[in-house]
Amino acid sequence: ERALRTIAECQRFIGERVRLKLKEEIDGQRVYIGTMTAVEEEIVILVTEDGKRYSFSWEQIKKARLTL
């Protein structure tokens, strides 16, 4: 698992599977795992295995890592 420390690093790995840990829970969940489908400005777009699409601002993300 490789840490993604900047939004620019996230842009290089669009299409890869990632694990995002948020600073605060959203809908009772703090960790999201899925495919990073886009990075727009300071927004990371993630699609989970069940097909749900999430948008997180870079400020909401505590840790971002590539995962298997």
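Two strands pair if DSSP finds at least two bridges between them, and strands themselves are DSSP runs (E, at least two residues), numbered from the N terminus. The structure is a predicted model, in which local features need pLDDT of at least 70 and side-chain atom pairs count only at pLDDT 80 or more, while totals for chains, interfaces and linings use all residues. Residues are numbered from 1 along each chain as its sequence is written, and side-chain values use heavy atoms, with hydrogens and water left out.

Strand 1, residues 17-26, pairs with strand 2 in the antiparallel sense over 6 bridges. Isoleucine 26 has glutamine 29 in strand 2 as its bridge partner. The hairpin of strand 1 and strand 2 has 2 residues between the strands, and aspartate 27 there takes a positive phi near 55 degrees.

Strand 2 also pairs with strand 3, in the antiparallel sense and over 6 bridges. Opposite glycine 34 stands threonine 48 in strand 3. In this second hairpin, with 2 residues between strand 2 and strand 3, a positive phi near 60 degrees is found at glutamate 41.

Glutamate 42 lies in the loop between strand 2 (29-40) and strand 3 (43-48).

Side chains of opposite charge can pair when their charged atoms come close. A salt bridge is counted when a side-chain nitrogen of Lys or Arg is within 4 Å of a carboxyl oxygen of Asp or Glu, and the count comes to 2 salt bridges. One of them joins arginine 17 to glutamate 49, with the closest N and O atoms 2.8 Å apart. This pair links distant parts of the chain, 32 residues apart: arginine 17 is in strand 1, and glutamate 49 is in the loop between strand 3 and strand 4 (53-57). Arginine 17 is partly exposed at 27% relative accessibility, whereas glutamate 49 is exposed at 69%.

Glutamate 9 and arginine 2 also form a salt bridge, their closest N and O atoms being 3.5 Å apart. Here glutamate 9 counts as buried because its relative accessibility is 16%; arginine 2, at 34%, counts as partly exposed.

Key
Helices (H or I, at least four residues) and strands (E, at least two) are DSSP runs, numbered from the N terminus. Buried means under 20% relative accessible area, exposed over 50%, partly exposed in between (1.4 Å probe, protein chains only).
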